Amino acid sequence: MSLKVIDESKINLNKYISKDMLAPAKTWYVLASLGTALILNFIPLQSFALAIRPDFTALVIMFWNINQPQRLGMSLAFCVGLMMDVHHASVMGHHALVYCVIVYITSIFRRRVKVFNLVQQIPQICLMLLVMQCLLAIIELLGGANLPNWYYFLGSVSGAIIWPIVAFLLSYPLKHRSDSDAL
């Protein structure tokens, strides 16, 4: 068994140092972002526009659990899910359960997702959103609803596509500014 010597001159340190550190988010900012996401989900749409609308609340919950998991837990996700259930006049706890599952999944895959840049995170976010929508469909099927059409899952794809925009907008106020007085 031989040991392989790593040539340190070939390691690109900028690749690892270039990740931006985010400042801790204030509680009001997290709640305001969740409130804005809820309002975007409450906008009434019809037919195809409703089918392709992403679940903004799920995206915001995923963002906070990936970047600052101490700011948003399952209890807050459960409460937001209950608000979504009241709005949709659906079975109580159905969105709440799914948002808690999203918190769990993002806490498991948080480190893996953070390794990639925002564009490279799209497939992983899409998979998490598809799991969420499959759970929603299963709960609706158990409640006696019909099997949803294929375009029911377009919301996951559109949510994954706008993930870089949502993540950039939520993280922009938290990025450190360069200090002109620094050494």
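## Exercises on aromatic pairs and a pocket

This predicted model holds seven aromatic pairs.

**Exercise 1.** Classify the ring pair of W28 and Y29: stacked, tilted or edge-to-face?

Solution. 
- A pair of aromatic rings is described by the distance of the centres and the angle of the planes.
- The ring centres of W28 and Y29 are 5.9 Å apart, and pairing requires centres within 6.5 Å.
- The planes stand at 75°, so the pair of W28 and Y29 is edge-to-face; the cut-off for that class is over 60 degrees.

A second pair, F63 and W64, is also edge-to-face, with 5.0 Å from centre to centre and 75° between the planes.

**Exercise 2.** State for W28, Y29, F63 and W64 whether each is buried or exposed.

Solution. 
- Buried means under 20% relative accessible area, and exposed means over 50%.
- W28 has 61%, so W28 is exposed.
- Y29 has 14%, so Y29 is buried.
- F63, at 2%, is buried, and W64, at 0%, is buried as well.

**Exercise 3.** Describe the largest pocket: what is its volume, and which residues lie nearest its centre?

Solution. 
- The volume of the largest pocket is about 650 Å³.
- Its lining counts 29 residues, and L50, R53, H88, Q133 and Y152 lie nearest the centre.
- Elements giving two or more residues to this lining include α2 (27-42), α3 (47-52) and α8 (154-171).
- α7 supplies the largest share of the lining, five residues.
- By type, the lining of the largest pocket has 14 nonpolar, twelve polar and three charged residues.

Conventions: Residues numbered from 1 in each chain as written. Predicted model: local features only at pLDDT ≥ 70, side-chain atom pairs only at ≥ 80, totals over all residues. Heavy atoms only, no water. Phe/Tyr/Trp six-rings, centres within 6.5 Å; stacked < 30°, edge-to-face > 60°. Buried < 20%, exposed > 50% of the residue type's maximum accessible area, 1.4 Å probe, protein only. 1 Å grid on protein atoms, 1.4 Å probe; cavity = no way out; pocket = protein on both sides within 12 Å on 5 of 7 lines; lining within 4 Å. Points joined across faces, edges and corners; volume = space filled by probe spheres on them. Helix = DSSP H or I, 4+ residues; strand = E, 2+ residues; numbered from the N terminus. Nonpolar A, V, L, I, M, F, W, Y, C, P; charged D, E, K, R; others polar.
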